[in-house]
Amino acid sequence: MEDDDDFGISYQYVTKYWQFNAAFFKNSDLLNGEGSVVSGRRYSYDLAGRSKETNTLSGRVAYKGESDVKYEVGISGFVGNSYNIDSRNNDKRLAYAMHIVLDWKNWNLKTQVTYFDYGCEESKEDGYVSMVAFNAPYQVADKGQTYSACLSYTVPFVNKLVDNIKFYNDYSYMHKAKKGFNDSYMNVVGCSVSTGPVYIYADVVAAKNQPWISPDWENSFATGADNKWHTRLNLNVGYYF
């Protein structure tokens with residue numbers, strides 16, 4: 001539901017305290033024709049298999065304020081169709097969320113609760129949909145909620161060598177509505193350092209039923225058959241120019 005590039009039109013209105021966003025997306029990006037499946041050669045995730053995303057209306061409203069604590073509260077969501085290639089029927093899919101962002105001194109807290117229902121013709125029996133990006137499809141529960149909380153602390157330390165040091169812990173939980181599916185969890189604790197054009201991230205990722213961390217790529221976000229905790233050490237060094 002993020003970084004999803006689709007074909008459409010959007011509008012944004014911003015004041016000192018308010019931000020409004022609205023958009024309409026006619027269909028997914030990278031289509032190969034009306035009767036063809038969605039191409040997997042893409043960067044952002046979309047419905048795959050025999051269903052396609054069409055006619056998506058999305059919106060977001062956020063309010064920012066400041067006293068002793070800077071804050072932002074907001075709601076967002078979308079509603080659209082899932083078009084089945086074979087039956088040519090449209091099913092409805094939707095999601096909505098509420099988020100809160102707090103800044104106090106060097107601390108930052110981001111929280112969000114999301115409800116999603118990606119039900120389509122293919123998922124009515126199995127309880128999951130197929131999604132694809134990077135030419136590697138996997139299955140995702142078609143209905144549920146996600147909960148996330150991300151806390152970070154920026155060290156008040158700046159000199160000629162180091163621009164920024166930040167410690168963070170990001171936690172997320174995905175509850176799947178279908179009975180018998182195992183839920184997904186992920187926690188990331190680490191540190192980032194920036195110095196000029198160089199950015200370094202070092203963190204430890206612990207996850208259960210998360211395809212990028214667990215050995216079961218295809219079913220982790222659906223049935224969650226592995227249902228075990230797995231840990232990875234991540235080190236990322238980037239040079240931006």
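Me: Which loop does N227 lie in?
Reply: Strands are DSSP runs of E with at least two residues, helices are DSSP runs of H or I with at least four, and both are numbered from the N terminus. In that numbering, N227 lies in the loop between β13 and β14.

Me: What kind of model is this?
Reply: Residues are numbered from 1 along each chain as its sequence is written, and side-chain values use heavy atoms, with hydrogens and water left out. Local features need pLDDT of at least 70, side-chain atom pairs count only at pLDDT 80 or more, and totals for chains, interfaces and linings use all residues, the model being predicted.

Me: Back to N227: is it buried or exposed, or something in between?
Reply: Buried means under 20% relative accessible area and exposed means over 50%, with partly exposed in between (1.4 Å probe, protein chains only). N227 has a relative accessible area of 32%, so it counts as partly exposed.

Me: What is the phi of N227?
Reply: N227 is not a glycine, yet its phi is positive. The value for N227 is about 50°.

Me: And what about N55, what is its phi near?
Reply: N55 lies in strand β4 and is partly exposed, with a relative accessible area of 26%. N55 is another residue other than glycine with a positive phi, near 50°.

Me: How many strands does the chain have?
Reply: There are 241 residues in the chain, and buried ones make up 35% of them. The C-alpha atoms fill a box of roughly 60 × 45 × 40 Å along the principal axes. In there, the chain has 1 helix, and its strands number 14.

Me: Which strands stand at the edges of the open sheet of 11 strands?
Reply: Two strands pair if DSSP finds at least two bridges between them. The order is β1-β2-β4-β5-β6-β7-β10-β11-β12-β13-β14, with antiparallel pairing. One side of each edge strand is left without a neighbour in the sheet because each has a single partner strand, and those edge strands are β1 and β14 (229-239).

Me: What joins β1 to β2?
Reply: Strand β1 (residues 6-14) and strand β2 (residues 18-28) pair in the antiparallel sense over 9 bridges. In this pair, G8 stands opposite F25. Going from β1 to β2 takes 3 residues, which make a hairpin.

Me: In β4, which residue is the bridge partner of N27?
Reply: Strand β4 (residues 51-66) runs antiparallel to β2, and 9 bridges join the two. The partner of N27 in β4 is T54.

Me: How many bridges join β5 to β6?
Reply: G74 stands opposite H99 in β6. Strands β5 (residues 70-84) and β6 (residues 90-104) run antiparallel, and the bridges that join them number 14.

Me: How far apart in space are I100 and E72?
Reply: I100 lies in strand β6 and is partly exposed, at a relative accessible area of 32%. Beyond four places in sequence, I100 is in contact (heavy atoms within 4.5 Å) with E72, V73, L109, K110 and T111. I100 and E72 are 28 residues apart in sequence, but their C-alpha to C-alpha distance is 5.6 Å.

Me: Is T56 buried or exposed?
Reply: T56 has its place in strand β4. Not counting residues up to four places away in sequence, T56 touches A23, F24, F25, F78, V79, G80 and R93. Its relative accessible area is 10%, so T56 is buried.

Me: What is the order of the open sheet of 3 strands?
Reply: Strand β8 (residues 128-132) runs antiparallel to β9, joined by 4 bridges, and Y128 stands opposite A141 in β9. This open sheet has antiparallel pairing, in the order β3-β8-β9.

Me: Which strand gives the largest share of the lining of the second largest pocket?
Reply: A pocket here is an open set of points on a 1 Å grid over the protein atoms alone, where a 1.4 Å probe fits and protein lies on both sides within 12 Å along at least five of seven lines; lining residues have an atom within 4 Å of a point. β7 (107-117), β10 (143-154), β11 (164-176), β12 (184-195) and β13 (198-208) each supply at least two residues of this lining. The largest share is 4 residues, and it comes from β11.
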